[in-house]
Amino acid sequence: NVNRIAASNAIDFFYLLSEIKKENDYTLELGILQYRLENYPISLKLFSKCQNDIATYYMAMMYLNGLGISKNIKQARDLFGKIKHYKDSNDWYKELDKTIKKEEVKTHIIQVKVIIRKLILETTMTLGVLYPLLPVLH
């Protein structure tokens, strides 16, 4: 594929530039190129060195879609939350926050159902023990 070759050549070029001009940092550019080549673990490592909105956005998308890392919508939401002003990050933040809250409610409902079942079982067992004693107690 011509695009892969071009991206690979661009990566080599930026690595060479960073060796020649030590004061310039091409980490972001290299991260984007690695991302486009689907070398997600390498791009994640490069983006994590950057302290800017673009790198944070790419990392959030990687967590959201499970690209080169386990899918983690809470981590994606938190990263989008750091850059709400950038692109569609605020929309992603709101959507993921809503999804996470719905999942938390479902989890709480399940936990309550488990507690209710345990209480019903304990009550049934207690009544089962007390039932034969009713004539004696009466």
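Predicted model: local features only at pLDDT ≥ 70, side-chain atom pairs only at ≥ 80, totals over all residues.

Reader: How many helices and strands does the chain have?

Author: There are seven helices and zero strands. Helices (H or I, at least four residues) and strands (E, at least two) are DSSP runs, numbered from the N terminus. In sequence order the pattern is α-α-α-α-α-α-α.

Reader: What makes Phe-13 buried, partly exposed or exposed?

Author: Buried means under 20% relative accessible area, exposed means over 50%, and partly exposed lies in between (1.4 Å probe, protein chains only). Phe-13 has 46% relative accessibility, so Phe-13 counts as partly exposed. Phe-13 belongs to helix 1 (residues 2-20). Across the chain of 138 residues, buried residues make up 30%.

Reader: Which residues of helix 3 are buried, and how do you know on which side they lie?

Author: Helix 3 (residues 40-49) has Tyr-40, Ser-43, Leu-44, Leu-46 and Phe-47 buried. These residues cover an arc of only 165° around the axis, so they lie on the same side of helix 3. The arc is that of the directions from the helix axis to the C-beta atoms. Pro-41, Lys-45 and Lys-49 are exposed on the other side of helix 3.

Reader: Why is the pair of Phe-80 and Trp-92 given the name it has?

Author: The ring centres of Phe-80 and Trp-92 are 5.9 Å apart and their planes are at 10°, so the pair is stacked. Phe-80 is in helix 5 (residues 73-82) and Trp-92 in helix 6, 12 residues apart, and the pair links distant parts of the chain. With a relative accessible area of 0%, Phe-80 is buried, whereas Trp-92, at 29%, is partly exposed.

Reader: Which residues do ring pairs link into a cluster?

Author: The cluster consists of Tyr-35, Tyr-40, Phe-47 and Tyr-58.

Reader: What makes the contact of Arg-77 and Asp-97 a salt bridge?

Author: A salt bridge is a side-chain nitrogen of Lys or Arg within 4 Å of a carboxyl oxygen of Asp or Glu. For Arg-77 and Asp-97 the N to O distance is 3.0 Å, and their side chains meet in a salt bridge. Arg-77 is in helix 5 and Asp-97 in helix 6, so the pair ties together parts 20 residues apart in sequence. The structure holds four salt bridges.

Reader: Where does Lys-101 stand relative to Asp-97?

Author: Lys-101 and Asp-97 are four residues apart in helix 6, so about one helical turn separates them. Their side chains also meet in a salt bridge, at 3.1 Å from N to O. Lys-101 is partly exposed at 48% relative accessibility, but Asp-97 is buried at 15%. Salt bridges link Arg-77, Asp-78, Asp-97 and Lys-101 in a network.

Reader: How do you know that Glu-103 and Lys-106 form a salt bridge?

Author: The closest N and O atoms of Glu-103 and Lys-106 are 3.6 Å apart, and the limit is 4 Å. Relative accessible area is 40% for Glu-103, which is therefore partly exposed. Lys-106, at 48%, is partly exposed too.

Reader: Which residues form a nonpolar patch on the surface?

Author: Val-112, Ile-116 and Ile-120 form the patch, with about 260 Å² of accessible area together. Patches are made of residues with over 30% relative accessible area and no salt bridge: like charges are joined within 9 Å, nonpolar side chains (Val, Leu, Ile, Met, Phe, Trp, Tyr) within 5 Å. Accessible areas come from the Shrake-Rupley method with a 1.4 Å probe; for residues, only the protein chains shown count as cover. Ile-120 lies in helix 6 (residues 89-130).

Terms used: Residues numbered from 1 in each chain as written. Heavy atoms only, no water. Phe/Tyr/Trp six-rings, centres within 6.5 Å; stacked < 30°, edge-to-face > 60°.
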